[in-house]
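Here is a set of questions about the labels used for a protein model. Each answer sets a value against the definition of a term.

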Amino acid sequence: MAVPEPAQNGSEELVLAFLAEAGDEFVSGEAISDKLGLTRAAVWKHVEALRAAGYRIDAMPARGYRLSGIPDRLTALELRPLLNTHDVGQTLHCFEEVGSTNDVAKELAEEGAAHGEVVVAEAQSSGRGRRGRPWASPPRRNVYLSVILRPDLPPARAPELTLVASLAVCDALRHAGVDAGIKWPNDVLASGKKIAGILTELSAEPDKVHWVVVGAGVNVNARLEDFPEELRGEATSVLLERGQPAPRALFAAACLTALEAWLDRHAEEGFGAIRDAWRARNVTLGRAVTVRVEGRDVQGVAEDLDERGALLVRTPTGLERVDSGDVKLLR
Ligand code: BTN
């Protein structure tokens, strides 16, 4: 069952947004009270409440307040002030625990949720990966989020969105100091190990997409012992790569902001721009691969992406086009 986060106070959130927007600068209590129509005493009360909730807020006489640390939580209170987007994350559904954020997002989409609504959870009790595999989702260590999209695309082009999402996650990881690359179609790797995965699901009729749910799981602060034993040689996290933890709210906001930027680019310039960006970040092309496709193995050299995002593999018998499958990198 989904466990909702505690209710939030609107003015507190506004004070926080104001401080977050100022970045490293101090803002005077007067500026906050004028801007938000609050008394100075009310501003002080909200600052105290935010501190009690784990925010670090410096106060200096004559200079005012400065936000210097946020709690490592993924509630709307942390995320909203960090989001600089027009659609993605404008409505946030944040949970302490769900079965799967994709399942919650799919239900919301069926009930009419808007383009860009986001579901985030601190933990998943039945996180899902591609091909029905489980996705390890320990509490308060990583980022698990799903975004509802209502793209103006024919269903045949929906898989492009999966590559769009992989660009966003890869960019957010690189921004966090991780040397990430994409294995076709959308596994994000660092040091040859999986650091993030994307699960895309959709509802469509023959010539219309009703909704797409793009779910991303990123191993942010997972330690080795947080992964199931059989995955310890194959999985990594931002913490393991950098040797220090990353603030998850900042990371999630960076993913969502990058996702919106790439979605806009996709809508304006088409798949060509996405394909070029994907090529620039991929760790698949030019490599010898085995691709498991519907029970058989395609072996050869990964040569390119076609104009729909399918993988072109040069095999001893010719060029094979692979729409979906699991790629194993050989050398
Ligand atoms: C994969 O590489 O197999 C895809 C993993 C996708 C995991 C994410 S976590 C958020 C969302 N909710 C899920 O149940 N799965 C996706």
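Domain bounds, as used here, come from an automatic or database domain assignment. The model is a predicted one.

Q: What makes domain 2 and domain 3 contributors to the lining of the largest pocket?
A: The bounds are 76-281 for domain 2 and 288-329 for domain 3, and each of them gives at least three residues to that lining. Lining residues have an atom within 4 Å of a pocket point.

Q: How much space lies in the largest pocket, and which residues are the closest to its centre?
A: The space is about 890 Å³. Of the 37 lining residues, Arg133, Trp135, Asp187, Lys194 and Leu231 are the closest to the centre.

Q: Which element supplies the largest share of the lining of the largest pocket?
A: That element is β9, with five residues. Among the elements that supply at least two residues each are α5 (101-110), β6 (143-149) and β15 (326-329).

Q: How do the residues of this lining divide into nonpolar, polar and charged?
A: The lining of the largest pocket has 15 nonpolar, 11 polar and 11 charged residues. Asp, Glu, Lys and Arg count as charged, so Arg, Asp and Lys residues fall in that class.

Q: What is the volume of the second largest pocket, and which residues are the closest to its centre?
A: The volume is about 420 Å³. Of its 22 lining residues, the closest to the centre are Pro159, Thr162, Pro185, Asp323 and Ser324.

Q: Which element gives the most to the lining of the second largest pocket?
A: Strand β9 does, with five residues. Helix α6 (159-175) also supplies at least two. By class, this lining has 11 nonpolar, five polar and six charged residues.

Q: Why is Thr284 called buried?
A: The relative accessible area of Thr284 is 0%. Thr284 is found in the loop between α9 (271-281) and β11 (288-293).

Q: Which residues does Thr284 touch, not counting residues up to four places away in sequence?
A: Thr284 touches Ile182, Lys183, Trp184, Trp278, Val289, Ala302, Val327 and Leu329. Contact means heavy atoms within 4.5 Å.

Note on methods: Residues numbered from 1 in each chain as written. Predicted model: local features only at pLDDT ≥ 70, side-chain atom pairs only at ≥ 80, totals over all residues. Heavy atoms only, no water. Helix = DSSP H or I, 4+ residues; strand = E, 2+ residues; numbered from the N terminus. Buried < 20%, exposed > 50% of the residue type's maximum accessible area, 1.4 Å probe, protein only. 1 Å grid on protein atoms, 1.4 Å probe; cavity = no way out; pocket = protein on both sides within 12 Å on 5 of 7 lines; lining within 4 Å. Points joined across faces, edges and corners; volume = space filled by probe spheres on them.
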